[in-house]
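Good morning, and thank you for joining.

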Amino acid sequence: MEKAIAAGKAGEPIVALFGLFGKDEEKTIQQVPQHIAVIMDGNGRWAKKRGMPRKAGHATGAETFRRIATYSKDIGVKYFTVYAFSTENWKRPQDEVDALMNLFRKYLKEAIEDMAKNNVAVRVIGDLHVLPEDIRELIRDCDTVAAKLEDPAYATLCINYGGRDEIKNAVRDIARKVKAGELEPEDITEDTITNHLYTADMPDPDLIIRPSGEIRISNFLLWQSAYAEYYFTDVLWPDFKPEDLDEAIASFHQRQRRFGGV
């Protein structure tokens, strides 16, 4: 599939998606979504189909994340966010949880070394206090390096994340401020809630992709996804390729986003 990257009128990257149209259809150049989020699903099934342990699927899925995150940056996506480990995933077998934690350690160590070179700020969001202390230390180191980057792209991992849990914690923070007299109840707005979420400094996702054939949102970015476009595909996450991201973006551009208007 051919592809071309150029600068838009305001200097924003745009991408020509070639090969997605019929012979008589005009090839178009369209601006990519600013923020793409992915529910990385299908690692276990991918491994099972091959007679491999589930943790092998997670390892391959981690490589897919690297590849797709890099590709999304190359075509001009500013924010790329993935659902890496939910608040419910602790219920999985301990060896699988341990394998996932080791993958996070490996990726964060690599990110600390490579962020400046790639100008990609790696962030981790979620309820992080229950993570092993060494992983929390790596996250703090990532934050330190990311803060020094100028106008980077952002790759965000949601770890020990749940949409309801996030909203609950935001409400608790707001309630504490009301109790302390720092905020009046009648002054609470949608922006107040948004600014107390883990994603307070990020725009809402434009496009949310779920591979693996499941058609549900699984407690992911519940508040932030109010006007997101969803794209579902049967491709298992370890098999997800840049061409699949192109297909998702092409589908996104076929939608009419009215945000409640006409």
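**Aromatic pairs and a helix contact**

The structure holds 11 aromatic pairs, where rings of Phe, Tyr and Trp (its six-membered ring) pair if their centres lie within 6.5 Å, with planes under 30 degrees apart counted as stacked, over 60 as edge-to-face and the rest as tilted. The model is predicted, so local features need pLDDT of at least 70 and side-chain atom pairs pLDDT 80 or more, while totals for chains, interfaces and linings use all residues. Residues are numbered from 1 along each chain as its sequence is written, and side-chain values use heavy atoms, leaving out hydrogens and water.

Which kind of pair do Y161 and F220 form? Theirs is edge-to-face, at 6.1 Å centre to centre and 80° between the planes. Y161 lies in strand β7 and F220 in the loop between β8 and β9, 59 residues apart; strands are DSSP runs of E, at least two residues, and helices runs of H or I, at least four, numbered from the N terminus. Both Y161 and F220 are buried, that is, under 20% relative accessible area, with exposed over 50% and partly exposed in between (1.4 Å probe, protein chains only). Y83, Y161, Y198 and F220 form one aromatic cluster.

Let us turn to the helices. In α2 (residues 54–74), R67, I68, Y71 and S72 meet P242, L245 and D246 of α7, contact meaning heavy atoms within 4.5 Å. By class, this contact of α2 with α7 has 4 nonpolar, 1 polar and 2 charged residues.

How values were computed:
Ala, Val, Leu, Ile, Met, Phe, Trp, Tyr, Cys and Pro count as nonpolar, Asp, Glu, Lys and Arg as charged, and the others, Gly among them, as polar.
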